[in-house]
Structures are given as C-alpha cells and as structure tokens.
Amino acid sequence: MIAYLALSSHPNPERVLVIGGGDSGILREVIKYPQVKEVVLCDIGEAVIRISKISVHIGDGFEFLQHRKEYFDVISTDSSDPYYGLMNDALHTGSIVSAQGKCQWLDVPLLKKVMKFARKIFPVVEYAYTTIPTCTSGQIGFILCGKDPSTNFKEPLRHISHAQEFKLFRYYNSKLHPLDVCKQHQFVAMSSSSSSTKLAHPNISNGWFRESGAMWPGQSMNIEVNQILHVEKSKFQDVLVFESKTYGNVLVLDGVIQVTERDEFSYQEMITHPALFSHPNPERVLVIGGGDGGVLREIIKHPQVKEAVLCDIDEAVIRVSKKYLPGMSISYSDSKVSVHIGDGFDFLQNKKEYFDVIITDSSDPVGPAESLYQSRYYELMRDALRDGGIVSTQGECQWLHLPLIKEVLTFARKLFPVAEYAYTTIPTYPSGQIGFILCSKDASTNFKEPLRRMTPEQELKQFKYYNSEIHRAAFVLPNFTRQAIATESDKKEDASA
C-alpha cells in the first residue's frame, strides 16, 4: 500500500526513489508499474540490503537528497524519520511523496504534528492506512503528499483491470485505494492507577495479562495490568475483569479479550451502524449476546428504534459490566431496552417475523457461542425477521479465519438473497481486526451504501469511529479475501472488468 497509493495517483511515475526499505519489498512493488524507468534505493543499513541482493546507494537518505534537485516523480520512504523539505526539493513539479505514517490507534499526537508540518510544504497532504497483523495494533499508516494542488489521493488516477490486479497484487485493488484514505480520530487512552493486586488469575503473571485463544495459535495479545478487579467462574465460562495500564478496564471470557474501554467503540459501532443505516425503518432490534451493553448503547442512538431486546446466556457478563464497564452498560437504563437471560438459539425459536434487525454479538465459535455459527441459527434469525429484515453477526478475522468465513457465507447466501462481509480495525482483537457478516431478506439491499445518513456534524457528535465513508470502506476487501469468498457472479464480474 505504501507504493500503490502514491504510484497510482501519479500520471507518469518514471523515476522513483525509495528511502529505507532495504528488504526490497517496496522495490518489488514499484517495478510492477510499466511506466517506471528508473528506481533508486537508498538505505543506510548495508546488511539489510546485502540480504536482498540489490545493487543500490548505501548511505544516509538525508545526505543523498541534498544532491538531488527536481529529479524524481515519486519518493517512497519506509523510514520513520522522513525529511519533507528535502523530499519536496528532490521532486519534479506535480510529484508525490509516500511516507510511513505510524498508527492512528497509538500515535495521533505525532501524526498531527507531522501532517501540520507537511501541509506547510505541500498543497495536498492525506493520511491513509492498511491492516497488517504483525504491526503494533494490527495497523500502519502512510502520509501522502502531492506538489500538484489538483492531486486527489482518494481516487486512483490510473486503473488496471481486475484480472490484472488479482495477478499482480495480493492486497491492493482500485476499490480499496480510495477508501484507505481515512478521517483521523483522536483516540484517548485511559489513565492508570495503582498496581496493587488482591486477586489472582492464571492468565495474569508478573503484572501482565496474556491472552489464550485456541483460534489463533502461535500469537497472543499481552496487556500490562494495574489491578485485577473481578474473577469468577460463572455457569458457562471463566469471567475476568482487570484494570489495565493503557486500555482502561478489560473484560475477558475464557481467556479471550472481549472488550477494553479504550477501543471497544470500534467494534460496537461497526457491528451496529452498517446494519441499522441499511434498513429504512429499524423499529425492533434484537441483540444476541452483547451482555456488556455496548451494542445496545449504539442501537438506541437511532431515533427510529422503539424496542431493543437483549438476550444473553450468561447473567454474570451483564452483572460485572454494569459494575466495571459503565460507559457501555449505561444502555440498560434506557426505557426502550428489555433483557432476557437465556440461550439465543432457544429464544429465536419462539419469535417469528418480529424483528427488523438482529445483531449477534457473540464470542468465538467455541463454548457457549458455538451454536451461533451454524446454518440452523441463521435460519432461525431469518424466520424471526420481518420482510426486509437485516442480520449483522460477529464474523471473525480475515487474516486468521478465511475458511470459517467462507463456510458461514456459503450457507448464509443460500438462506438470504444478500450476504456480505465487512471489517473494522481494533487493536486488542487478534491481528488487530474483526469482521462482520451482514445478511438481508430484501434482495435490493445494498450494504455498501448507507440508506440513511446523519450529517457530518451529527456523526462526529454521535460516533467515535463510524461515519458514512467508513461504512462504504468496510466492505472493500483486499484481493486475497475477495478471491476466497467470491460468488460465481463476483468472479465473472471481476473477469470482465
């Protein structure tokens, strides 16, 4: 993405400079463009370059740029310390910079500072991002700068066919390009307190929580702990709540992080609003799971909603959330909300054509949530919906669970005329990402375009993550996912494009 966003926005990128990136990954992508006639790589680390067997300029990028004036069309820097003034001088008129831009979940003050500085030099400056499991918080960003005021990074200037995209790229595609340029949000970390611990838990050792999940072998999320707040073995699962150093209070079920106060809004808003904004009049909404109250909090932001019902199998989750997650469980005090303690599978069997939207906020398909990933459960949801009804379910991570996602979509598409996969970023979920499966009983439903919208001012007031642009972007998938879950009609459309 650091290469494509820049090169696809330039009319004729003949000369390209890469600063850093001695592993040659960026070079590999740059030379896929037939317009490129000259590529120069400058890296200070000879050992890194020697491994990749590339003949380049070994030295400091700062010094290298001082001897180049108005020479390059695109400069891509994999360096964490870009030099915008020198890069500007080394570029032709109308040229472009693409610089590694840190993570919006962790580095907003630094991003704001760098972009403010860059905007004094370049007429066009944008921030974009991509998902990558092994980067901190599962995400990395890019700062794109254009010397031409007419440059529009949000729309590729040049396109290749879908067939060529599938052949050349594993992640990038022209649909993903305009929607990776995102609005910035200020994510505020929770304050820390004392480090005393009166309780103990097997997942917490030496002041650190270590996640234990069977569905992502070989990796684990670790969070520093201030104090353990609650430990309980409920009738169905192990329940842990602890106060973390940087993520606020954290709810853990059977060793797996469910929510943290710092980033929960990303998940709650994105499992809720793409579904509700795709329905013309969502009066009755059901939540299966979601005992922390976060999804309910988002549902009641819609004035069309007259009734919001929550069904959770474990009363312990509701009880501890009311005590330790007040920002989410505040929703239980709303007069529209009613709660049923019991199994969602059983609850649905007694509801026929009643709800407008059903949201399944379940944990992973092990233990008490296993039945919620089966075809029969989707049948029950379909039967419980009125005409035109919509389903939104927790859909796992495309980096880890593509076979499961494909399996669920396969049977969902047999039951609903419309079924789509979307995703959001969230630092404390495995690989920094989580997906959703959305289904509709109405064949005309287009999840990729919100049917109803708030004004930008209302969105900023109501939501910390969701907006109408993010709504559209959530359904734009990287090539490896598109290919894995494509229907036959999707494949024909891509082949003919």
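# Buried residues, ring pairs and an open sheet

At 0% relative accessibility, Asn173 counts as buried, a word used here for under 20% relative accessible area, with exposed meaning over 50% and partly exposed in between (1.4 Å probe, protein chains only). The model is predicted, so local features need pLDDT of at least 70 and side-chain atom pairs count only at pLDDT 80 or more, while totals for chains, interfaces and linings use all residues. Residues are numbered from 1 along each chain as its sequence is written, and side-chain values use heavy atoms, with hydrogens and water left out.

Asn173 is found in the loop between helix 7 (162-168) and helix 8 (176-179). Helices (H or I, at least four residues) and strands (E, at least two) are DSSP runs, numbered from the N terminus. The side chain of Asn173 makes a polar contact with the side chain of Asn479 at 3.0 Å. A polar contact is a pair of N or O atoms within 3.5 Å; within protein, one must be able to donate a hydrogen and the other to accept it, and residues adjacent in sequence count only if both atoms are side-chain atoms. A polar atom of the Asn173 side chain also lies 3.1 Å from the backbone nitrogen of Lys175. With neighbours within four places in sequence left aside, Asn173 is in contact (heavy atoms within 4.5 Å) with Glu165, Val476, Leu477, Pro478, Asn479 and Arg482.

Asp263 is found in the loop between strand 13 (256-260) and helix 9, and counts as buried at 1% relative accessibility. Its side chain makes a polar contact of 2.6 Å with the side chain of Thr428. Asp263 and Ile426 are 163 residues apart in sequence, yet their C-alpha atoms are 6.4 Å apart in space. Leaving aside neighbours within four places in sequence, the contacts of Asp263 are Trp105, Tyr247, Ile426, Pro427 and Thr428.

## Aromatic rings

A pair of aromatic rings is described by the distance of the centres and the angle of the planes. Rings of Phe, Tyr and Trp (its six-membered ring) pair if their centres lie within 6.5 Å; planes under 30 degrees apart count as stacked, over 60 as edge-to-face and the rest as tilted.

| Pair | Kind | Centre to centre | Angle between planes |
|---|---|---|---|
| Tyr4 and Tyr33 | tilted | 6.2 Å | 40° |
| Phe345 and Tyr377 | stacked | 6.4 Å | 25° |

Tyr4 lies in helix 1 (residues 4-7) and Tyr33 in the loop between helix 2 (25-30) and strand 2 (38-43), so this pair ties together parts that are 29 residues apart in sequence. Tyr4 is buried at 5% relative accessibility, and Tyr33 is buried at 9%. Tyr4, Tyr33, Phe169 and Tyr172 form one aromatic cluster.

The pair of Phe345 and Tyr377 links helix 13 (residues 344-349), which holds Phe345, with helix 14 (residues 375-384), which holds Tyr377; the two residues are 32 residues apart. Phe345 is buried, with a relative accessible area of 16%, and Tyr377 is buried at 0%.

The charged end of Arg68 sits over the ring of Tyr71, 4.9 Å from its centre, and that of Arg262 sits over the ring of Tyr247, 4.7 Å from its centre. A charge sits over a ring if NZ of Lys or CZ of Arg is within 6 Å of the ring centre and within 35 degrees of the ring normal.

An open sheet of 7 strands has the order 16-15-14-17-18-20-19, with mixed pairing. Two strands pair if DSSP finds at least two bridges between them. Strand 16 (337-341) and strand 19 (418-425) stand at the edges, each with a single partner strand, so one side of each has no neighbour in the sheet. On average, neighbouring strands of this sheet are turned by 20° against each other, direction ignored. Axes are lines fitted to C-alpha atoms, for helices over the stretch in contact, and angles run from 0 to 180 degrees between N-to-C directions.

Helix 9 (residues 264-276) packs on the sheet, touching strand 14 (284-289), strand 17 (355-361), strand 18 (385-396), strand 19 and strand 20 (433-440). The direction of helix 9 makes about 155° with that of strand 17. Strand 15 (residues 307-312) pairs with strand 16 in the parallel sense over 5 bridges, and Cys311 stands opposite His340 in strand 16.

## Positive phi

Most residues other than glycine have a negative phi. Glu396, in strand 18, has a positive phi of about 65° although it is not a glycine, and counts as buried at 2% relative accessibility.
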